[in-house]
Amino acid sequence: MNHELNHFLSGIEKKAFRMARLATRDTEHASDIVQDTMMILAQKYASKNQQDWPALFHRILQNKIIDWHRKQTVKNKLFSLFGFFDDQLETPGNTESIAHYQPNNNITPDKTMESTEINNKTMLAIEQLPVRQQQAFLLRQWQGLSVRDTASAMSISEGSVKTHYSRAVQQLKQKLEDIYYE
């Protein structure tokens, strides 16, 4: 693997993992999805222009996440047919912080606890978004992709990106209104 691609992948790995973790609510599956995404990018697209890598990476990642959801839907249908229940699918698990705080000596335990609670509620609200809305929101807000690059990554039109993103923002505002607008 060339140095530039290795640098790109190491720089995007943590955010990609968090996105996959939010979408799957499962650490192991998220790790597998990111690893598969990195392998595909390295094997098939390493020779592409470096400027194309972010959009290609996110398109592969989003397709892997959608594939995972499809497999889970089939699995859930099979389990329900036979009367089985997978407790793990109902457990959102531990959420991870997406904020990068600078050390501050004035932070009290109360403020730390409040911040953690707000972060957990925010992450849970993002986890509860429909997959397409979640993808559009994370790619636009978290990854900082343009509408065009988000559309390319999600394999949808720019208008659809705007719609999914707008709906995600509206849902998050409703769910988090009590936290941010007290």
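Which pattern does the protein chain follow when read along the sequence, and what can be said about helix α5 and the elements around it?

Modeller: Read along the sequence, the protein chain follows the pattern α-α-α-α-α-α-α, with seven helices and zero strands, where helices (H or I, at least four residues) and strands (E, at least two) are DSSP runs numbered from the N terminus. This is a predicted model, in which local features need pLDDT of at least 70 and side-chain atom pairs count only at pLDDT 80 or more, while totals for chains, interfaces and linings use all residues. Residues are numbered from 1 along each chain as its sequence is written, and side-chain values use heavy atoms, with hydrogens and water left out.

Helix α5 covers residues 131–142, and its axis comes within 11 Å of the axis of helix α1, residues 3–24, the two crossing at roughly 155°; axes here are lines fitted to C-alpha atoms, for helices over the stretch in contact, and angles run from 0 to 180 degrees between N-to-C directions. That angle makes α1 roughly antiparallel to α5, a label used for angles over 145 degrees. In α1, the residues K15, R18, M19, L22 and A23 meet Q134, L138, L139 and W142 of α5, contact meaning heavy atoms within 4.5 Å. By class, this contact of α1 with α5 has six nonpolar, one polar and two charged residues, where Ala, Val, Leu, Ile, Met, Phe, Trp, Tyr, Cys and Pro count as nonpolar, Asp, Glu, Lys and Arg as charged, and the others, Gly among them, as polar.

Q133 also has its place in helix α5, and with a relative accessible area of 9% Q133 is buried (buried means under 20%, exposed over 50%, partly exposed in between, with a 1.4 Å probe and protein chains only). Not counting residues up to four places away in sequence, Q133 touches H164, R167, A168 and Q171, and the side chains of Q133 and Q171 are joined by a polar contact of 3.2 Å, that is, a pair of N or O atoms within 3.5 Å, of which, within protein, one must be able to donate a hydrogen and the other to accept it, and residues adjacent in sequence count only if both atoms are side-chain atoms.

P130 lies in the loop between α4 (109–127) and α5, and counts as partly exposed at 40% relative accessibility. From C-alpha to C-alpha, P130 and H164 are 9.2 Å apart in space, although 34 residues apart in sequence.

Terms used:
Angles under 35 degrees count as roughly parallel, over 145 as roughly antiparallel, 65 to 115 as roughly perpendicular and the rest as oblique.
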